[in-house]
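Let's walk through this fold together, one piece at a time. Keep the viewer open and follow along.

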Amino acid sequence: MKIAVVSLGCPKNLVDTELILGKMKAGDVEIVSDFEDADMIMINTCGFIDPAKEESIETILKAAEYKEKGKKLIVTGCLVERYKEQLKKEMPEVDLFIDLKEEFSIPEKLGIKIPQNFDLYKNRLISTPSHTAYLKISEGCDHTCSFCAIPQIRGKHRSRSIQSIIEEAKILAERGVKELNIVSQDTGFYGIDLYGEPKLWHLLEALEKIEEIKWIRLYYLYPTTVNEDFFKRMADSQKVVNYFEMPIQHSEDKILKDMMRGYRKSRIYKILEWKEKYIPDAAVRSSVIVGFPTETEKEFNSLVDFISEVKFDWLGVFSYSHEEGTPAFEKFENNVPEEEKIRRKNEINKIQEEITEEKNRQMIGKEFEVLIDGFSEEWETLPVGRTYRSAFEIDGITYIETEEPLTVGSFAKVKIKDAVDFVDTVGELL
């Protein structure tokens with residue numbers, strides 16, 4: 001039996017896909033990349049906001065074209081969790097809709113025999129390059145942000161035990177992983193439900209003891225769970241790289257209140273002060289939402305000023321999506337026109353491009369350790385990699401000029417000599 005899989009949405013969803021595929025493989029299912037070669041097609045969907053839902057639907061419909069060739073179509077993920085009954089009525093061509101609580105039982109539902117005493121995490125099938133992998137430390141979210149459907153979809157925050165995470169990390173390290181990318185819905189909240197207090201740094205200190213792991217990168221930090229001690233510990237860490245992702249969603253108090261974010265602008269400033277005090281060279285990725293129902297031109301202009309002032313290294317800009325079932329959907333009219341949302345998004349993106357290019361130009365003449373990810377698509381012999389300032393497949397890359405062969409997954413000392421296309425840099429091997 002052969003299966004082709006498409007995983008949509010966030011890295012957390014990708015981890016789920018990899019776990020399902022590992023179980024499939026243990027049941028002697030062959031994983032193929034082409035729908036044409038498959039007996040089954042599985043789509044792991046995203047259902048977070050409208051563009052993600054549209055992408056999921058389009059992918060399902062594309063896969064459904066292969067039904068006439070006798071292929072089975074299985075759909076799981078967040079879209080199914082939100083709209084299972086509706087999807088079953090509107091998409092009869094799908095053989096099986098599986099919600100999140102049953103997604104790891106997909107092989108059994110397909111009649112695939114799994115070995116006894118099967119361990120889900122030990123058999124995870126990594127789809128990223130072998131030197132970097134995502135490590136999901138918890139599921140769900142306890143925050144009640146008014147625009148967000150994640151708590152409805154994924155439920156309350158549920159931390160994995162430190163022991164189980166360390167065991168998985170050791171397995172990943174044995175397979176050649178050198179960079180662990182820590183993901184969850186709120187990474188700073190880790191451990192509170194299990195241990196009664198935050199345990200993120202206890203976990204990170206344990207991960208640091210795994211010799212083969214060289215870099216640990218933190219994603220999805222929430223401003224209310226980041227404190228001064230966090231930055232002191234990051235400054236002292238040998239393996240947690242000076243990079244973190246912390247979505248702020250907006251800068252203005254009125255919008256943050258309406259978004260039910262639990263903090264105000266002063267908190268963001270305080271966090272950035274701690275960052276400058278303890279790890280001034282840290283790279284920060286954030287994200288903002290434009291076009292929230294109560295965002296006037298005044299609040300938007302203040303957000304623009306804030307972005308121009310604080311100069312995040314990397315920034316994602318998203319248009320507000322009016323999601324049914326969320327507090328914002330119940331409380332507010334979606335009264336910012338779509339074309340205005342696009343205008344606001346484009347304006348901030350243009351500003352951020354200039355900021356990111358400026359940040360990259362500040363790297364010129366400096367030396368960095370670069371993790372080699374592969375080779376340029378245009379120039380096949382030109383190695384490409386990332387400094388600590390860039391996350392895998394999200395931020396910019398560094399092209400490395402060298403006459404020496406470099407191995408994927410190795411580290412190289414590089415001196416930056418130029419910045420290109422506002423996101424990437426060029427360096428020479430030292």
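This is a predicted model: local features need pLDDT of at least 70, side-chain atom pairs count only at pLDDT 80 or more; totals for chains, interfaces and linings use all residues.

A residue is called buried if its relative accessible area is under 20%, exposed if over 50%, and partly exposed in between, using a 1.4 Å probe and protein chains only. Residues are numbered from 1 along each chain as its sequence is written, and side-chain values use heavy atoms, with hydrogens and water left out.

Back to glutamine 249. You'll find it in the loop between strand 11 (240-245) and helix 10 (253-258); helices here are DSSP runs of H or I with at least four residues, strands are runs of E with at least two, and both are numbered from the N terminus. Leaving aside residues up to four places away in sequence, glutamine 249 touches Phe147, Met259, Arg261, Tyr263, Ser287, Val288 and Ile289, where contact means heavy atoms within 4.5 Å.

Now for the inside of the protein. In soluble globular proteins, nonpolar side chains tend to be buried together. A nonpolar core, as used here, is a set of buried Ala, Val, Leu, Ile, Met, Phe, Trp, Tyr and Cys residues joined through side-chain atoms within 4.5 Å. The largest one in this model has 66 residues, and those with the most contacts inside it are Leu180, Ile182, Leu204, Leu207, Phe230, Ile307 and Phe312. Helix 12 (residues 297-310) gives the most to this core, with six residues. If you click on leucine 207, look for its contacts with Leu135, Ile166, Ala169, Leu180, Ile182 and Ile216, again not counting residues up to four places away in sequence. There is also a second, separate core of 27 residues, which includes Val15, Trp215, Tyr219 and Leu429.

How do the helices sit against each other? Two packed helices are described by the angle between their axes and the distance between the axes. The axes are lines fitted to C-alpha atoms, for helices over the stretch in contact, and the angles run from 0 to 180 degrees between N-to-C directions. Angles under 35 degrees count as roughly parallel, over 145 as roughly antiparallel, 65 to 115 as roughly perpendicular and the rest as oblique.

Take helix 12 again: it packs with helix 14 (residues 338-361) at an angle of about 15°, with the axes 10 Å apart, so the two are roughly parallel to each other. On the helix 12 side, the contact uses Glu297, Phe300, Leu303, Val304, Ile307 and Ser308, and among their partners in helix 14 are Arg343, Arg344, Ile348 and Ile351. Sorted by class, the residues of this contact are seven nonpolar, two polar and five charged; Ala, Val, Leu, Ile, Met, Phe, Trp, Tyr, Cys and Pro count as nonpolar, Asp, Glu, Lys and Arg as charged, and the others, Gly among them, as polar.

Helix 8 (residues 200-208) and helix 9 (residues 228-236) pack at about 10°, with their axes 11 Å apart, which means that helix 8 is roughly parallel to helix 9. Leu200, Trp201 and Glu205 of helix 8 meet Phe230, Arg233 and Met234 of helix 9. That contact has four nonpolar, no polar and two charged residues.

Helix 2 (residues 50-64) and helix 3 (residues 78-90) pack at an angle of about 55°, with their axes 12 Å apart, so these two are oblique to each other. Here Lys53, Ser56, Ile57 and Ile60 of helix 2 make the contact with Leu79, Arg82, Tyr83 and Leu87 of helix 3.

Finally, a few single residues. Is glutamate 18 buried or exposed? At 1% relative accessibility, glutamate 18 counts as buried. It lies in helix 1 (residues 11-26) and touches Arg124, Leu125, Ile126, Ser127 and Thr128, not counting residues up to four places away in sequence. Aspartate 28, in the loop between helix 1 and strand 2 (30-32), is exposed, with a relative accessible area of 69%. Aspartate 28 has a positive phi of about 65° although it is not a glycine.
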